[in-house]
Amino acid sequence: MNVLGDNTSFSEISGIDLWISRYFHLELLKNQIFPILLNWQRENGINIEGYQFYQLLWILVVAADRIRQGHPITGYPCASDYATIQISENLYSHLEKALSLPFTADEVYFLASYINGLSLTSLPQMPLGTIPSNTVIHTFLVNVSHDLKLKLANDNKLYQQLSAHIKSFFSLLERNTTFDRNFYKELEEEYPAICRSVKNNLYILERSFHRTYNENETAFLVMHIAAAVSKILTERQDFKVLVVCDSGPATASYVTNKLKYYCKIDDIDTVSSFELNDYLRTITPSPNLIISFYPIEGTTIPMVIVSPGLPSGDLSQIQEKMYTSRKDENNILNKRTAVNSSLVSSGNPSSILSPDRIALDFSADTWRDALQLGGNLLIEEGFVTQSYIDSIIRNVEINGPYFVFWPGVALAHANVNSKSIPFQASLIRLKHPVAFQNDLNDPVKYIFTFIASDTSGNDDKIVSIINLASSPTLFPHLDRAKTPAEAFEIIRRIEREI
């Protein structure tokens with residue numbers, strides 16, 4: 001039922017919800033229950049996504065409203081198993097504490113019957129249908145990029161693979177697919193910095209897509225990041241090999257060519273045992289690996305002893321040594337200097353914002369008013385219509401403030417139907433911050449509003465505005481700006497420093 005009267009695909013799943021919410025004055029109750037439901041899932045390791053999540057949310061809202069009005073369910077049969085009843089009791093115990101409402105045993109049985117049917121339903125799981133997933137995933141990657149000081153946010157292959165994998169999670173869960181319980185622990189031992197960054201930024205995915213990721217599922221996200229990091233580090237890290245050979249130039253040439261072909265090593269020096277000590281004293285940097293036909297004492301450089309013919313077993317040893325020297329990404333990442341942080345940035349701020357799309361010290365009473373003010377700057381330029389701003393507001397009403405990714409900053413946007421809309425953005429600073437009902441990042445003082453179709457041509461600009469919005473150094477300077485032109489110059493300067 002499309003009670004909103006428009007033709008957008010968005011309204012097909014949102015219209016009736018909004019009408020019920022407003023007509024029966026349930027918005028405040030829904031906003032109270034929404035975070036409780038998310039936290040309950042996280043605490044109990046329960047995953048309910050997409051349409052099922054919204055259905056469960058509305059069951060709880062209606063139940064709370066009925067009980068508040070004195071109309072609890074009576075005489076409902078207990079047909080569920082004991083474990084499901086316990087889960088339902090646990091959820092209602094969270095609501096009782098927050099809402100000060102008594103939920104009867106019959107209410108618990110009714111809720112259990114719904115939860116019990118979740119594993120049997122064939123309803124499509126579409127958590128990405130109403131939320132612009134490209135911005136959410138880009139934001140996740142930008143934050144991880146900042147943590148690791150590596151250029152991951154602009155890795156299109158990583159973005160495509162991660163996006164496809166995140167979407168695939170939901171169909172996997174429908175089929176009750178299980179994951180290796182030891183998988184994450186192994187990754188945590190090998191990639192501690194990557195695991196720490198992924199877990200620290202999971203809230204972006206969880207709050208936007210209304211689901212939680214346990215450690216086994218998180219492992220797959222870590223794998224994608226680790227693969228991209230390994231690729232970057234392999235490309236940057238010069239791997240130098242020293243071959244110690246007293247058998248003449250023919251043998252040295254044979255070994256060198258075989259290393260280049262089978263081990264993909266380009267930087268290879270060859271010396272005799274008589275030249276070795278002088279070589280090691282003068283060469284900078286030292287080789288990463290020594291390959292010799294006999295043991296050599298007095299050096300701490302990793303070494304592989306091989307036969308002159310370099311058989312497959314020797315090649316495997318060399319490859320293993322190469323892997324060992326590169327696998328500790330955490331140590332490599334910790335050696336990155338501040339110079340490398342410039343690799344995270346992308347785009348040109350002048351192509352994202354202009355002084356006439358920046359406004360300072362607007363007054364807004366609510367988050368809806370604030371979103372409208374940010375949208376007005378784009379409407380006045382003819383970049384968007386009022387219906388797009390309405391869709392942003394409706395999206396927040398249904399999905400919550402999914403784009404309040406950082407303290408005090410919102411990145412307002414919604415899906416667009418057209419595939420040919422170019423990127424356009426505005427920025428407002430509020431005179432008095434407003435609450436978006438986001439317990440982590442309220443209140444919001446700065447709102448970036450943008451529109452862009454989900455195309456590769458817009459990806460760089462989306463990443464650029466995410467870099468700006470996530471910059472910890474931008475907003476202290478913007479707080480002191482007195483004019484839009486001054487704010488714009490600050491943005492340009494900060495962009496060069498990110």
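Predicted model: local features only at pLDDT ≥ 70, side-chain atom pairs only at ≥ 80, totals over all residues.
Where is Gly45 found? Gly45 sits in the loop that links helix H2 (27–44) and helix H3 (50–68).

View 1. Gly45 has a relative accessibility of 52%, so it counts as exposed, the cut-off being over 50%. Look for Asn214 too: Gly45 and Asn214 are 169 residues apart in sequence, yet their C-alpha atoms are 6.7 Å apart in space.

**View 2. A four-stranded open sheet.** Now we move to the sheet, whose strands come in the order S5-S7-S8-S6, with mixed pairing. The edges belong to S5 and strand S6 (409–412); each has a single partner strand, so one side of each has no neighbour in the sheet. From one strand to the next, the twist averages 15 degrees. Helix H16 (residues 367–380) packs on this sheet and touches S5, S6, S7 and S8. The direction of H16 makes about 145 degrees with that of S7.

**View 3. Strand S7 and its neighbours.** This one is all about S7 (residues 424–434), a mostly covered strand: eight of its eleven residues are buried. What joins S7 to strand S5 (residues 358–362)? Four bridges do, and the two strands run parallel. You can pick out Ile358 opposite Leu427 of S7, while Ala359 has Ile428 as its bridge partner in S7. With strand S8 (residues 444–451), S7 pairs in the antiparallel sense over seven bridges.

**View 4. The largest nonpolar core.** Nonpolar side chains tend to be buried together in soluble globular proteins. In this model, the largest nonpolar core has 91 residues. Which residues have the most contacts inside it? They are Leu152, Ile225, Leu371, Phe403, Ile447 and Phe448. Helix H11 (residues 215–236) gives the largest share of this core, eight residues.

**View 5. Around Leu152, and a second core.** Let's close in on Leu152. Leaving aside residues up to four places away in sequence, Leu152 touches Leu141, Val144, Ser145, Leu158, Ile225, Ala228, Val229 and Ile232. A second, separate core has 34 residues, including Ile33, Ile85, Leu91 and Leu95.

Key. Residues numbered from 1 in each chain as written. Heavy atoms only, no water. Buried < 20%, exposed > 50% of the residue type's maximum accessible area, 1.4 Å probe, protein only. Pairing = 2+ DSSP bridges. Axes fitted to C-alpha atoms, helices over the stretch in contact; angles between N-to-C directions. Contact = heavy atoms within 4.5 Å. Core = buried A, V, L, I, M, F, W, Y, C linked by side-chain atoms within 4.5 Å.
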